[in-house]
Amino acid sequence: MSILAQHKYPLSFRHHVHRCHRPFIRTRVCCLAATTNTAKPRLNSDQLVMEPRLDPSPTSVTDPNRPVLHDPTLKSTWSHRAWVASGCTTVLISLAKAATGAAESHLWLEPILAGWVGYILADLGSGVYHWGIDNYGGASTPFFGAQIEAFQGHHKWPWTITRRQFANNLHALARAVTFTVLPLDLAFNDPVFHGFVWVCSGCIMFSQQFHAWAHTTKSKLPPLVVTLQDAGLLVSRSQHADHHRPPYNNNYCIVSGVWNEFLDRQKVFGVLEMMLFFKLGVRPRSWSEPNSEWTEENEIPPKITAH
Ligand SMILES: [Zn+2]
Ligand SMILES: [Zn+2]
């Protein structure tokens with residue numbers, strides 16, 4: 001559930017026309033060393049090399065789905081804020097039940113351990129969900145269609161996540177958390193159970209923020225976030241950068257990223273993909289690389305103007 005996306009990118013014709021008059025450079029992000037799915041060196045994000053090149057493709061210039069710099073679809077609405085508020089409220093109720101139950105029973109260790117398990121499993125859940133919507137279904141898929149489309153948009157225009165406002169980025173996850181955690185708040189009082197629930201649901205709800213931080217340059221991040229990323233408590237920028245490089249089939253987890261190395265080394269998702277292919281005949285999108293729609297496009301940096 002992590003990575004729930006939020007938004008489709010259909011933009012107005014006005015944006016479309018405006019973009020057609022703006023020169024831009026299509027860039028390809030690559031690293032200084034060969035990257036493969038296994039035994040891959042974890043590169044520092046500073047080692048990323050942006051290779052600007054003029055984009056000769058008129059189709060990408062006129063792509064009606066390309067977001068623009070001050071796109072209104074990146075802004076938060078009051079509806080987004082309301083969903084984030086309701087999601088936070090349900091998580092805080094679960095936290096309060098865990099704390100009061102622990103205080104009354106004088107048992108703190110079990111709820112804390114349950115919270116740690118929730119934190120670890122939230123990362124795994126984010127990876128499984130991200131893998132699923134990156135590889136299967138489409139815009140017309142029931143219930144998940146908008147998220148699938150938005151995540152494909154994220155692969156094409158990953159920089160938009162850093163321009164997306166907070167509630168805009170989190171509202172879809174917050175809505176899912178509200179509908180899941182509210183019944184649990186009403187039905188259960190066990191402090192150990194709520195120790196798990198509040199941490200797991202909180203990490204899932206904020207995973208899109210952790211994801212956005214993984215796309216943000218170090219100099220623009222709060223020092224505490226950089227410290228948590230460097231300590232491996234939040235998914236790191238370098239680890240998530242690997243996900244946005246060919247072959248686009250690794251590093252799916254975006255809470256702490258603690259599961260990524262194990263899942264990729266054991267080829268867990270590759271095995272699942274083979275099982276689904278032989279059972280159902282469905283091919284994951286990652287098998288289509290490097291010719292997929294995921295080729296990244298970046299807006300032209302202000303100083304590199306093509307004439
Ligand atoms: Zn992805
Ligand atoms: Zn990303």
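Is K267 buried, partly exposed or exposed? Keep that one in mind, and we'll settle it at the last stop.

**Before you start**

What you have open is a predicted model, where local features need a pLDDT of at least 70, side-chain atom pairs count only at pLDDT 80 or more, and totals for chains, interfaces and linings use all residues. Residues are numbered from 1 along each chain as its sequence is written, and chains are lettered from A and ligands numbered from 1 in the order in which they are written.

**Stop 1: the whole protein**

Colour by pLDDT, the predictor's confidence in each residue, from 0 to 100. The mean is 80, and 71% of the residues reach 70 or more. Now select residues 1–62: pLDDT is below 50 there, and the stretch has 124 contacts in the model beyond near neighbours in sequence. A contact here is a pair of residues whose C-beta atoms, placed from the backbone, lie within 7 Å. Residues 300–307 also stay under 50.

Switch to cartoon view and you get 11 helices and two strands. These are DSSP runs numbered from the N terminus, with helices being H or I of at least four residues and strands E of at least two. Along the sequence the pattern reads α-β-β-α-α-α-α-α-α-α-α-α-α.

**Stop 2: helix α7**

Select residues 191–214. This is α7, with 24 residues, and its first and last C-alpha atoms are 32 Å apart, close to the 34 Å expected at 1.5 Å a residue; that expectation is 1.5 Å times one less than the number of residues. Look at F206, where α7 bends by about 45°, the angle between axes fitted to the seven residues ending there and the seven starting there.

Of the 24 residues in α7, 21 are buried. Buried is the label for 20 or more other C-beta atoms within 10 Å of a residue's own, exposed for 12 or fewer, and partly exposed for anything in between, with C-beta atoms placed from the backbone.

**Stop 3: the core**

Next, pick M205 and F210. In the largest nonpolar core, which has 36 residues, these two touch the most other members. Such a core is a set of buried Ala, Val, Leu, Ile, Met, Phe, Trp, Tyr and Cys residues joined through C-beta atoms within 7 Å. Two or more residues come from each of α3 (78–105), α4 (109–135), α6 (166–187) and α7, and α7 gives the most, with 13. Show the partners of M205: leaving out residues up to four places away in sequence, they are G87, V91, L170, L173, A174 and V177.

**Stop 4: A98**

Hop over to A98 in helix α3. A98 counts as buried because it has 27 C-beta neighbours inside 10 Å. Besides W198, contacts of A98 beyond four places in sequence include P111 and H194.

**Stop 5**

Most residues other than glycine have a negative phi, and most peptide bonds are trans. Select P246 and P247, though, and you'll find a cis bond between them, with omega near 10°. N251 has a positive phi of about 55°, and it is buried, with 28 C-beta neighbours inside 10 Å.

Finally, go to K267, in the loop between α10 and α11 (268–280). Its phi is positive too, near 55°. As for the opening question, K267 counts as partly exposed because it has 15 C-beta neighbours inside 10 Å.

Technical notes: Two residues are in contact if their C-beta atoms, placed from the backbone, lie within 7 Å.
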